[in-house]
Structures are given as structure tokens and as C-alpha cells.
Amino acid sequence: MSEATTAPPTATGEPPGRSWRTALRALELDTRLLGMVGALAVIWIFFNIVSGGNFLTPRNLWNLSVQSSSIAIMATGMVLIIVSRNIDLSVGSMLGLLGYTMAMVQVNWLPGVLGVSYHEPYIWIVAILVGLVMGALMGGVTGFIVSYGGVPSFIVTLGGLLVWRGVIFRYAQGQTLAPLNDTFQLFGGGPKGALGDVASWVIGLLACLGIVYTLWAGRRRKRRYGFPVRAMWAEVAVGVVGCVVVLIVVFVANSYAWPEALASQYAVEHGITEPPGGLIIPTGIAIPVVVMLGVGLVMTYIATRRRFGRYVYAIGGNPDAAELGGINVRRTIMLTFVLMGILAAISAAVQTARLNAAVTNLGVQNELDVISAAVIGGTSFAGGIGTIPGAILGAVVMQSLRSGMLLLNVDSPTQDIVVGCVLVAAVGFDSYVRRRSS
Amino acid sequence: MLNRRLLAVVGAAAIVVMACSSSASPSPSAAPSAAASVAAADCTVGVSWNNYQEERWAKWDEPAIKAALEAGGAKYISNDAKSSAETQASNVENLISQGANVVIVLAQDGTAIKPAVASAISNGVPVIAYDRLIEDPTALYITFDNKLVGKMQAEALLKVKDAGNFVVIKGNKADANADFLRAGMVEAGLPEAGASSDKLKNVGESYTDNWDPKNAQTSMEQFLTANNNKIDIAFVQNDGMAGGVIAALTAQGLQGKVPVSGQDGDAAALNRVALGTQTVDVWKDARLLGKAAGEAALALCADKNIKNAKSSLAPTVQFMSPGGNDMTSIFLTPQPITKDNLSVVLDAGWITKDVLCKDVTAGSVPGC
């Protein structure tokens with residue numbers, strides 16, 4: 001550790017925790033993200049008390065994670081779109097068309113053309129590839145018209161919302177496609193579409209190693225360029241808290257055991273005699289949640305570490321300066337829409353798999369949920385501001401409200417009213433805080 | 001600069017013209033024909049569809065109406081409102097301009113269409129409210145009995161299990177049908193919304209925005225969680241939502257153990273009935289509806305007064321609409337499909353055997 005001796009002046013010398021404010025500053029955490037975690041905690045505790053302890057159960061939290069995943073996946077892409085001062089209203093219709101196409105591939109086209117059953121193991125791969133390519137193309141068309149055609153994204157994607165939905169009605173003709181390929185169904189979660197306990201722990205430990213490595217690598221990089229680094233105690237605290245949170249998540253997912261009926265069915269199928277009290281099979285993290293976390297990681301990497309991501313923020317901050325600074329603004333904007341299309345395809349796979357069916361109104365009004373999630377997560381319509389983890393948290397907050405109210409038997413119109421109020425209040429509060437701090 | 005702008009305007013106009021011409025709505029050419037009485041032979045029946053893009057109308061309803069009219073020697077004309085209440089109002093006038101003696105309206109909005117309907121009737125053109133209610137007592141209302149659909153759904157489920165915890169997954173709150181269906185369920189012995197009886201305990205009841213299967217799935221997941229899976233019966237109002245509910249049940253290994261209802265005769269739902277995961281699918285054969293409307297139109301061609309024409313119509317009933325109108329109505333009886341009578345949909349040619357019996361063990365249910 002020769003770097004330590006050549007360390008630039010840092011906060012290392014300060015005694016930890018003179019007051020909680022300085023301690024918090026030493027941790028260099030995103031306070032807005034922390035605020036959201038706090039708000040989420042309040043919501044969760046509130047619902048838990050009101051529902052008589054029904055909310056903070058492994059089962060409900062597991063459900064919540066699956067229910068949030070499809071919106072969260074798209075919200076990560078919406079962040080980049082909104083950050084670059086655009087909007088995409090077509091994601092819901094795009095998701096509907098992509099989901100329907102993926103179902104067509106496995107239910108009608110491949111079995112029809114090749115004469116194979118939809119049970120064949122490779123069918124899901126073809127279906128998802130078709131979806132991803134088509135999503136990229138659809139996003140590309142939108143992005144091309146926005147960036148090279150110079151038509152405002154609001155208009156182009158409003159058109160997209162109508163066109164893609166119209167295409168579905170045209171070629172779906174109201175028909176529901178079901179059931180889907182068995183492997184494809186795993187993308188929707190359900191106890192069978194989850195990792196189980198061993199794999200979940202492995203992923204949890206890998207995530208811990210990842211956190212430690214990221215902190216260490218970040219520290220080294222900052223040293224190399226002579227930037228100030230966090231105090232060592234703060235670094236350790238962040239690492240420990242991060243790891244503990246990850247392990248708690250895995251623990252909660254594993255404490256949700258397979259439903260009795262499924263477990264006894266499994267026991268019969270595998271010739272296991274059921275122990276008294278039933279067979280306990282830990283469910284583990286659901287596959288759609290793994291997909292969502294993977295997407296979140298990749299998108300965070302793209303947004304914060306890749307040139308493309310930094311360009312998006314630069315364009316959002318000041319488009320003219322970005323253009324003058326030599327950034328290919330048009331190409332960058334177009335790529336954000338391509339990325340959005342790909343994410344819509346991933347979400348479409350999750351949603352259709354979860355329903356085990358493709359319906360013509362799949363994804364109706366999802367654009368509003370996705371935009372709300374991004375905005376609750378701190379993305380600013382003024383451009384240049386917004387984070388991927390924030391958007392994911394935003395999606396979880398929205399879904400927590402909906403699921404919590406459903407647990408309490410609150411009807412859908414009331415749910416809409418509450419979610420609408422929270423949306424406005426959250427953004428209002430956020431901009432109030434921001435104005436005061438600046 | 002001016003030239004470019006002009007070019008853009010011309011281009012846009014060309015696109016609009018092209019789009020309009022592809023919609024195949026004939027321009028009004030014939031003068032309004034207000035001939036006093038028309039023999040069935042030169043009877044023209046106009047149909048105003050609200051959204052012809054949906055599969056059902058082109059595939060089942062229109063051929064049935066056409067066949068009935070052809071059998072009576074009448075002429076068929078139609079146009080499509082593309083889900084716009086405004087367009088539909090002018091479409092109705094357009095049909096009359098084209099010489100329609102009777103107009104059949106599949107209403108986009110039962111209230112917004114009222115002025116157009118009133119003007120048609122005052123011009124001596126009787127109006128048939130097809131499938132959806134139009135709040136005008138002088139129109140003839142032909143539909144499947146929605147209350148009866150709800151009653152049949154509840155009856156079929158209660159036949160399988162008549163006691164325990166139940167949930168009700170209802171359709172869109174803004175759609176009167178959701179409440180008709182719920183009222184029908186009460187007739188079958190289900191407690192009123194939010195209430196419980198000695199044997200049946202209401203543990204969850206929810207409307208579903210847009211009849212969206214995904215929302216229905218989330219509702220069901222939350223009901224299952226809140227009740228620790230102790231749900232014995234799920235009253236679900238249509239097939240799409242039943243799909244979502246059954247997906248939620250499948251995740252808990254409860255598919256086939258909790259009776260679930262639906263309606264519409266969706267191929268996927270009928271397949272679920274054959275598989276045993278859905279208990280009942282109340283089937284409304286759109287062809288019967290089309291035939292009834294076609295025949296009623298022929299009767300009204302011969303005698304414009306609905307009250308006089310009653311004798312030659314299919315049996316009518318008087319229906320008090322939610323808007324307080326005493327409607328002369330023809331209610332068709334839907335058909336509940338369970339695993340015991342799957343042959344009904346097969347014999348009717350509604351569905352093919354390979355679709356109905358996908359993944360079903362051969363011989364496990366009659367019909368497969």
C-alpha cells in the first residue's frame with residue numbers, strides 16, 4: 001500500500017461522527033436515494049401495521065419484488081430518455097406488440113412452420129431473440145425520427161403508442177395466445193421460476209464480493225488521479241451495510257417456502273416422502289428479479305462508466321454545449337431509444353411469461369407507470385438529472401403502494417387517487433428540497 | 001421557403017386522403033329516401049360498427065347479420081366508427097343518407113349516440129341497439145342477458161363448492177356490465193358486494209381497470225397473500241382476467257383446486273376448461289346475436305313501429321335501463337360451458353379440436 005503514503009489530503013484525519021451530519025457527509029452517500037429508502041421504509045411499516053402484519057412477510061415481499069420487476073426494467077431505460085430531455089410514451093404499446101410477437105413465435109409460427117411442439121426446449125430462445133431484435137428495431141425507428149427527423153419525441157412516441165397498439169389489434173384480432181413454452185414461463189417467476197436457496201446464496205455472496213471490489217477499485221482509481229477519498233471507517237461502513245442488505249434480501253427470499261400444494265406435488269413427483277409438517281423448499285430470488293437486477297447493473301454501468309452514458313447526461317445538462325463539445329447528439333439520442341426498445345422486449349418477456357398468455361391489451365398504460373417510476377426515483381424533466389437505482393426504487397415504491405392497498409382491499413379508483421397524489425407530492429417535495437439546497 | 005411549406009401541406013393532405021380512402025366508407029351520394037313503407041324486397045339495413053378491428057365483429061357477427069338479411073332478400077351496408085363516438089354519430093346519418101331503412105348500431109357510447117338515434121327514429125328509420133345499451137326507449141335492444149351471465153358464472157362455481165372464502169374479480173368500474181354481472185351473481189346466491197353470508201365469506205372484491213388480466217393477476221396474488229391462500233372460490237367476470245387469476249393460482253399450486261369462472265368463449269379459456277383449471281366459461285354465441293338482429297331488422301323493415309312489430313319479432317321483454325328507460329328488448333340466453341359439455345362449442349364450429357384439446361390428456365374429458 002504505497003499509495004497510502006502519497007495520499008492527498010483527505011477527510012481521513014477527522015474523528016468519526018462529530019455529529020451525524022458530518023458523519024453522513026463522510027459517507028458520501030446519495031442523500032436523495034437515502035431519502036427514498038426512508039420513504040419506502042415508512043410506507044412498508046405503515047402497511048404492515050395497518051394490515052395486521054401481513055405486509056412485511058417473506059411471501060408479500062417476494063410477490064412485491066416480482067410485481068415490480070417489469071416496470072423497473074423499463075424505468076431504467078426511461079431514465080436515460082428523460083435525462084436527455086426526451087420522453088417515450090410508446091413503451092406500453094411497444095411492450096404489448098413485442099409480447100404478442102414473442103407469443104406468436106412460440107405458439108403459432110415456429111410450431112406452424114417447423115411442425116414442432118411449443119414444448120421444445122429451444123423455442124424460448126428464438127422467441128426472446130426475435131423480441132430483442134424487433135424491440136431494437138422499433139426503438140431505432142422512433143429514435144431515428146426523433147433525432148434525425150427533428151420531430152419532438154412527445155409527438156413521435158404518441159404516434160408510436162397508437163401505431164403499435166393498432167398493429168396488435170390488426171394482427172391479433174382480439175385473440176389471447178396461451179399457454180406458452182415451459183422454459184419461457186420461468187421468466188415470469190412463480191416458485192418454479194426462482195433460483196432456490198443455494199443459487200440465491202451464491203448470487204448474494206457474489207454481490208457482496210462485487211460491492212467490496214467496487215469500493216476498493218473506486219478508492220484506488222481516485223487515489224491514482226489524486227481525488228480525495230472517503231475515510232477508511234466510512235468505506236468499511238458502506239461495504240458492511242451493503243453486504244448485510246444483500247444478505248438480508250437473500251435470506252428473506254429464501255424464507256419464503258414453496259406453497260404447500262406445490263411442495264407436496266413436487267414430493268409426489270420425485271418420490272420423496274413428506275416429513276411431518278410438509279416439505280419445506282426455499283423459493284429463493286425469482287428469475288424476473290434476477291433479470292431486473294442484472295438490467296439495473298448493466299444500465300448503471302452504461303450510465304455512469306461508459307462514454308455513451310456520460311454523453312446522455314451531458315446532452316441533458318446542456319444540449320448546445322454537448323453539440324459544440326463534439327458529441328454526436330443525434331446518434332446518442334437515437335441509441336437511447338434503441339436501448340428503450342430492447343428493455344421493453346425484456347419486460348414484455350417477463351409480463352407475458354408471468355401471465356402465461358399474450359393478450360391484446362398487454363401493457364396498456366404501462367408508459368404512465370414507467371414514467372412515474374422514473375420521476376418518483378428523482379429523474380428530472382429539466383434534463384441531466386436521474387439515476388438508475390433511483391428509478392428501480394421508484395418502481396418499488398409505486399408497486400408497494402398498489403400491493404399494500406390491495407392487501408387492505410382498497411378499490412382500484414381509490415388506488416389511482418392515492419398513487420396520483422403520491423406522484424405529485426414526491427416530485428414537489430423533491431424540487432422543494434433541491435431549490436432550498438441550491 | 002414558401003414552396004417547401006406548401007409541399008409539406010400537400011404531402012400531409014395526400015397522406016390523409018390515402019388513409020381515408022382505405023377506410024372504405026362510401027361517400028354519401030343517394031338522397032335521403034324517406035319512402036313511406038318498404039317491402040322486404042327493397043329493404044336496406046345499415047350497420048354502424050364501433051370498432052370493426054376487433055376480431056369478433058368481422059368473424060362472427062357480420063356474417064350472421066348478412067346471412068339473415070340475405071335470407072330475407074334485404075341489402076346490407078355498413079361503416080366503422082373506429083372507436084369514436086363522434087364519428088359514429090355522423091356514420092349513422094351517413095347510413096340513412098345511403099338509403100338505410102333500418103339501422104343497427106353497436107354503440108361506442110350509449111349516451112353520446114342518443115341524438116343521432118333520435119334523429120334517425122324521427123326520420124322514420126327504426127334503430128336496433130346491438131349488444132350494447134342505447135338509452136332511448138324507442139330503440140330495440142338486442143343483447144345477451146348480462147345479468148344472466150353473472151348468474152350462470154356464480155351457479156356453476158357454487159355447484160362445485162358452495163361454502164368457504166370467496167373473492168370477486170370484477171371488470172372495469174366504468175362499464176355497466178361489471179355491475180350487471182355482479183347483480184346476476186347475487187341472484188345465484190352470492191352475497192352483495194362487500195357482504196358475507198353464513199356459508200360464504202367475502203375476503204376480497206375488486207374492480208379491474210380496463211379488464212386487464214395483469215391487474216387481475218396482481219389482485220389475486222394480493223388476495224391470496226392476505227388470506228394465506230385460504231380462498232375457496234374465485235368469481236371472475238371474464239376470460240382474460242380468469243387467465244390472470246389462474247396464473248396467480250398456479251404460482252401457489254392451487255390451479256384446478258379453486259373454482260374460477262369466466263365468459264366470452266376465448267380459445268385459451270375453453271382450453272383451460274378442458275384442462276380443468278377453469279370451471280366455467282359462459283359462452284355467448286355472437287352468431288345467434290347477429291341472426292337475431294338481422295331477423296329483427298327484417299321485421300322492422302316491414303313495420304317500422306317497434307310496438308306493432310313485436311308480434312313478428314323474437315320474444316321481447318321490457319327492460320328498465322339504468323338510465324330509467326323502458327326498453328323493448330330481446331335477451332338471448334348464454335350457454336355455460338364446463339368440462340361436461342365441451343362438445344357444444346366443437347359442434348357449433350366455434351373452436352377446433354386441436355386448439356380446445358391442446359395438452360389435454362386424450363379421453364380425460366368428453367370432447368377431447
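# A guided tour of chains A and B

Start by colouring chain B by domain: domain 1 covers 28-144 + 287-332, and domain 2 covers 146-284 + 335-356. Their C-alpha centres are 32 Å apart. What you are looking at is a predicted model, with an ipTM of 0.72 and a pTM of 0.76.

**Stop 1: confidence**

Next, colour both chains by pLDDT. Chain A has an average of 89, and 95% of its residues score at least 70. Select residues 1-14 of chain A to find a stretch where the pLDDT is below 50; beyond near neighbours in sequence, this stretch makes 12 contacts in the model.

Now turn to chain B, where the mean pLDDT is 85 and 86% of the residues reach 70 or more. Among the elements of chain B, which has the lowest mean pLDDT, and which the highest? The lowest, 53, belongs to helix 1 (residues 2-22), and the highest, 97, to strand 8 (residues 233-236). While you are there, select residues 17-39 of chain B: the pLDDT is below 50 here, and the stretch has 16 contacts beyond near neighbours in sequence.

**Stop 2: chain B as a whole**

Show chain B as a cartoon and you can pick out 13 helices and 13 strands. Of its 368 residues, 49% count as buried. Take the contacts in chain B between residues at least 6 apart in sequence: 71% of them join residues at least 24 apart.

**Stop 3: where the chains meet**

Bring both chains into view. Here 35 residues of chain B are in contact with 33 residues of chain A. On the chain B side, the elements that give two or more residues are helix 2 (55-71), strand 7 (200-206), helix 7 (213-226), helix 8 (239-251) and helix 9 (267-275). Helix 7 of chain B supplies the largest share of that side, with nine residues. Colour the chain B side by residue type and you will find eight nonpolar, 17 polar and 10 charged residues.

Stay with helix 7 of chain B for a moment. Is it enclosed or open? A residue counts as buried when 20 or more other C-beta atoms lie within 10 Å of its own. By that test 14 of the 14 residues of helix 7 of chain B are buried, so the helix is largely enclosed by the rest of the structure. Its length agrees with expectation too: at 1.5 Å a residue, the 14 residues should span 20 Å, and the end C-alpha atoms are 20 Å apart. Following helix 7 of chain B comes B:N228, which has a positive phi near 50 degrees.

**Stop 4: two aspartates in chain B**

Most residues other than glycine have a negative phi. With that in mind, select B:D131, where phi is positive, near 70 degrees. B:D131 sits in the loop between strand 4 (127-130) and strand 5 (140-144) of chain B. It counts as buried because it has 23 C-beta neighbours inside 10 Å.

Then select B:D264, with a positive phi near 120 degrees. This residue is in the loop between strand 9 (261-263) and helix 9 of chain B. Is B:D264 buried or exposed? It has 21 C-beta neighbours inside 10 Å, so B:D264 counts as buried.

**Stop 5**

Move to chain A and select helix 2 (residues 31-50). Its 20 residues reach 28 Å from first C-alpha to last, close to the 28 Å expected at 1.5 Å a residue. Just after helix 2 of chain A, A:G52 has a positive phi of about 65 degrees.

Most peptide bonds are trans. For a cis one, zoom in on the bond joining A:A178 and A:P179, where omega is about -15 degrees. A:P179 lies in the loop between helix 6 (153-172) and helix 7 (182-185) of chain A.

**Stop 6: two packed helices in chain A**

Finish with helix 11 (residues 287-305) and helix 16 (residues 388-407) of chain A, which pack at about 145 degrees with their axes 9 Å apart. Helix 11 brings A:G296, A:M299, A:T300 and A:A303 to the contact, and helix 16 brings A:I388, A:P389 and A:I392. The contact residues divide into five nonpolar, two polar and no charged.

Centre the view on A:I388, in helix 16 of chain A. A:I388 is buried, with 27 other C-beta atoms within 10 Å. Leaving aside neighbours within four places in sequence, the contacts of A:I388 include A:T76 and A:V79 as well as A:G296.

Definitions and conventions: Residues numbered from 1 in each chain as written. Chains lettered and ligands numbered in written order. Predicted model: local features only at pLDDT ≥ 70, side-chain atom pairs only at ≥ 80, totals over all residues. Contact = placed C-beta atoms within 7 Å. Helix = DSSP H or I, 4+ residues; strand = E, 2+ residues; numbered from the N terminus. Nonpolar A, V, L, I, M, F, W, Y, C, P; charged D, E, K, R; others polar. Expected span 1.5 Å × (residues − 1). Buried ≥ 20, exposed ≤ 12 C-beta atoms within 10 Å, placed from the backbone. pLDDT = per-residue confidence, 0-100. Domains from an automatic or database assignment. Axes fitted to C-alpha atoms, helices over the stretch in contact; angles between N-to-C directions.
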